[in-house]
Amino acid sequence: MPKEKQIPSGKSLTRVDRLIAGYTRKSGTVTHPDPEITESIRLGLARNMDEVGKLLCPCRFYPDKAEEVKHRTWICPCDDMQVYKYCHCLLFTTEEGLPITEYLPENHEGRDAYGEVKDPTPDQGRLLKHHAAEREEERRRHLS
Ligand code: SF4
């Protein structure tokens, strides 16, 4: 059976479920209305937890996962979520299943894909919003 199809451990699934319950509450987001989408991200996060001991975002390719987890950028809830409230995996969304894009920089691919999606709960989440300049610098470095 290919590794990515392995069933994650119950311990990791519980950890992910706690994250989802806690973070939707804190950020004022909801999980995607299509349960298949939510479940596939849930499983991906739990598999990464089993593999590298961290809730590494399952929607990205990493040349070296062990190296990647030394940085916090893509540990869920990732920097994009904590700075911009943007979840490119579509785990934390609006009721309509859209990622919030209103805080993203102008030329960000999330805006290109979804247009401007307003935050229905602007008083919640974005604990790292004061790091927006650093996050954008990091993103640009990885684009070049
Ligand atoms: S994009 Fe960020 S917040 Fe969304 S699932 Fe991936 S790591 Fe978590």
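Here is a tour in short stops, each one telling you what to select and what is there.

**Before you click**

This is a predicted model, so a few ground rules apply: local features need pLDDT of at least 70, side-chain atom pairs count only at pLDDT 80 or more, and totals for chains, interfaces and linings use all residues. Residues are numbered from 1 along each chain as its sequence is written.

**Stop 1: the whole protein**

Show everything as a cartoon. Starting at the N terminus, the order is α-β-α-α-α-β-α-α. The radius of gyration is 15 Å, close to the 15 Å from the globule rule for 144 residues, so the protein is as compact as a globular protein of that length. (That radius is taken over C-alpha atoms, and the rule is 2.2 Å times the number of residues to the power 0.38.) Along the principal axes, the C-alpha atoms fill a box of roughly 40 × 35 × 25 Å.

How much of the protein is buried? Of its 144 residues, 30% count as buried. Here "buried" means that 20 or more other C-beta atoms lie within 10 Å of a residue's own; "exposed" means 12 or fewer, "partly exposed" is in between, and the C-beta atoms are placed from the backbone.

**Stop 2: the core**

Now select Val-16, Leu-45, Leu-55, Cys-57, Tyr-86 and Cys-87. In the largest nonpolar core, which has 23 residues, these touch the most other members. (A nonpolar core is a set of buried Ala, Val, Leu, Ile, Met, Phe, Trp, Tyr and Cys residues joined through C-beta atoms within 7 Å.) α1 (10-27), α2 (35-52) and α4 (79-84) each supply at least two residues of this core, and the largest share, 4 residues, comes from α2. In soluble globular proteins, nonpolar side chains tend to be buried together.

Zoom in on Val-16. Leaving aside neighbours within four places in sequence, Val-16 is in contact with Arg-42, Leu-45, Ala-46, Met-49 and Leu-55; "in contact" means C-beta atoms, placed from the backbone, within 7 Å.

**Stop 3: along α2**

Colour residues 35-52. The 18 residues of α2 should span 26 Å at 1.5 Å a residue, and the end C-alpha atoms are 26 Å apart, which agrees. (The expected span is 1.5 Å times one less than the number of residues.) Several residues of α2 are buried, among them Thr-38, Ile-41, Leu-45 and Met-49. What do the buried residues of α2 pack against? Their partners are α1 and β1 (30-31).

**Stop 4: the ligand**

Select the ligand and its surroundings. There are 14 residues around the ligand, and the closest are Cys-57, Cys-76, Cys-78, Cys-87 and Cys-89. (To be near, a residue's C-beta atom, placed from the backbone, must lie within 6 Å.) The shell has 12 nonpolar, 1 polar and 1 charged residues, with Ala, Val, Leu, Ile, Met, Phe, Trp, Tyr, Cys and Pro counted as nonpolar, Asp, Glu, Lys and Arg as charged, and the others, Gly among them, as polar.

**Stop 5**

Go to Pro-77, in the loop between α3 (65-68) and α4. The peptide bond from Cys-76 to Pro-77 is cis, with omega near -5°.

Next, the loop between α4 and β2 (92-93) holds Lys-85. Lys-85 is not a glycine, yet its phi is positive, about 65°. Is Lys-85 buried or exposed? Lys-85 is buried, because 27 other C-beta atoms lie within 10 Å.

Leu-90 is also found in the loop between α4 and β2. Leu-90 has a positive phi of about 70° and is not a glycine either. Leu-90 counts as partly exposed because it has 19 C-beta neighbours inside 10 Å.

**Stop 6**

Select Pro-99, in the loop between β2 and α5 (109-114). Pro-99 counts as buried, with 24 C-beta neighbours inside 10 Å. Pro-99 and His-88 are 11 residues apart in sequence and 6.7 Å apart in space, C-alpha to C-alpha.

Finish at α6 (132-143). Of the 12 residues of α6, the number buried is 0, so α6 lies largely in the open.

Notes:
Contact = placed C-beta atoms within 7 Å.
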